[in-house]
Amino acid sequence: MGYAKECKIIRRCGGCGKKMVFECAGKFRVNANGRRLDVWLIYRCQRCGRTWNVPLFERISPEKLPAGQYEGFLDNDQELVRQYAGDRGFFKGKGYELAKG
Ligand SMILES: [Zn+2]
């Protein structure tokens, strides 16, 4: 089974000073704070490259993450990146504006 196409997000870019299209940078960022993790998927402006971290999990304990994903986040597993970046429902649920196409 293939993955859905990567979602692109329209949002205001601080570098460009206007709304721009952001594309997935193909990386996660993980921040451990004691027993809690924050996980982001990194997006970047298509024009100036300014990055924007999309929160995936906030203050979650590692054992509550979906099985096997913790290592994938640390390793920037590309299948996992595609899985999250292609999840239109996730982005819509967060209220982000999706670019067409
Ligand atoms: Zn920009």
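User: What pattern does the protein chain follow, read along the sequence?
Analyst: The model is a predicted one. The protein chain has three helices and five strands. Read along the sequence, these elements give the pattern β-β-β-β-α-α-α-β.

User: Which radius of gyration does the protein chain have, and what would a compact globule have?
Analyst: The C-alpha atoms fill a box of roughly 40 × 35 × 25 Å along the principal axes. For 101 residues, a compact globule would have a radius of gyration near 13 Å, and the protein chain agrees with this because its own value is 14 Å.

User: How many bridges join strand β3 to strand β4?
Analyst: Strand β3 covers residues 36-45 and strand β4 covers residues 51-60; the two run antiparallel. The number of bridges joining β3 to β4 is seven.

User: Which element supplies the largest share of the largest nonpolar core?
Analyst: This core has 15 residues, and V39, L41, L56, Y84 and A85 touch the most other members. At least two residues come from each of β2 (18-33), β3, β4 and α2 (78-85). The largest share, four residues, is from β3.

User: Which residues is A85 in contact with, leaving aside its neighbours within four places in sequence?
Analyst: A85 is one of the core residues that touch the most other members. With neighbours within four places in sequence left aside, its contacts are E6, C7, C24 and L41.

Methods: Residues numbered from 1 in each chain as written. Predicted model: local features only at pLDDT ≥ 70, side-chain atom pairs only at ≥ 80, totals over all residues. Pairing = 2+ DSSP bridges. Rg over C-alpha atoms; globule rule 2.2 N^0.38 Å. Core = buried A, V, L, I, M, F, W, Y, C linked by C-beta atoms within 7 Å. Buried ≥ 20, exposed ≤ 12 C-beta atoms within 10 Å, placed from the backbone. Contact = placed C-beta atoms within 7 Å.
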